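Me: Please take one part of this structure and look at it closely, with the cut-offs behind each term spelled out. I would like a single connected account, starting from the whole and then moving to the part.

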Amino acid sequence: TLSELLVDTAFVTLVGGTALMIYSIEELSRSVQYLAGSKFRSWINLFAANRLSSILLGVVLSILLSSSGAVTVMLVGLANARLLTLEQVFAVTLGASIGTTLIVHLFAFNISHYGLLIMAGGVALEAFSSSDKLTRIARGFLYLGMMFYSMSLIVTAGKTMENNELFNYVIEYFKDRPLVSLVLATVFTAVVHSSAATIAFIMSL
């Protein structure tokens with residue numbers, strides 16, 4: 001029943017892990033943008049000089065910000081300010097899409113298991129930091145580890161939920177209705193502002 005599902009430990013872990021991932025992705029993005037500061041736009045303009053470096057730039061930005069959508073929003077602003085050409089925007093956007101797929105592949109390499117270790121390193125670094133910049137770097141590591149840890153929580157909970165009848169019914173319902181699944185995934189991605197989080201969540205089921 002629904003009441004049993006809501007108190008199920010695996011379901012609570014799944015929901016909580018997803019929320020933790022969304023939060024860590026947003027905070028990691030803010031940390032990266034803060035560290036880049038006023039030089040962020042000039043760096044983008046410098047590395048977007050040719051197509052190859054533009055694609056590589058998109059990959060790096062997407063991984064650091066954990067969101068190709070955030071990269072696209074920044075690119076639109078730079079294009080409106082005429083700091084980037086349309087060709088450069090397309091190249092960086094392509095790289096951002098590639099970067100999103102690399103984030104999802106972290107599941108395959110089991111990097112998520114090192115989340116707690118990265119979080120501990122971030123906390124230790126912040127404890128000994130003597131400058132605001134170093135503190136921001138430490139928090140960046142903390143949120144990165146938090147993101148990896150939340151991935152492991154989602155995967156573990158998803159595997160456990162396979163034995164839940166109501167959960168399996170919901171999964172089967174959406175599996176037979178691809179259009180409904182498409183709309184739901186679109187809405188979820190728009191809410192969390194991260195396609196990587198959406199893909200990671202779906203892959204855990």
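Reply: Of the 205 residues of the protein, 38% count as buried, where buried means under 20% relative accessible area, exposed over 50% and partly exposed in between, computed with a 1.4 Å probe on protein chains only. The model is a predicted one, in which local features need pLDDT of at least 70 and side-chain atom pairs count only at pLDDT 80 or more, while totals for chains, interfaces and linings use all residues. Residues are numbered from 1 along each chain as its sequence is written, and side-chain values use heavy atoms, with hydrogens and water left out.

Among contacts (heavy atoms within 4.5 Å) between residues at least 6 apart in sequence, 75% join residues at least 24 apart.

The contact between α7 and α8 comprises 13 nonpolar, four polar and two charged residues; Ala, Val, Leu, Ile, Met, Phe, Trp, Tyr, Cys and Pro count as nonpolar, Asp, Glu, Lys and Arg as charged, and the others, Gly among them, as polar. Residues of α7 in this contact include Ile118, Met119 and Glu126, and those of α8 include Arg139, Phe141 and Phe148.

Helix α8 (residues 132-160) also holds Tyr143, which is paired with Tyr23 in helix α2 (residues 9-36), 120 residues apart. A search of the whole structure finds one aromatic pair, and its rings, those of Tyr23 and Tyr143, have centres 6.1 Å apart and planes at 85°, so the pair is edge-to-face. Rings of Phe, Tyr and Trp (its six-membered ring) pair if their centres lie within 6.5 Å, and planes under 30 degrees apart count as stacked, over 60 as edge-to-face and the rest as tilted. Tyr143 is buried at 12% relative accessibility, whereas Tyr23 is partly exposed at 40%.

How values were computed:
Helix = DSSP H or I, 4+ residues; strand = E, 2+ residues; numbered from the N terminus.
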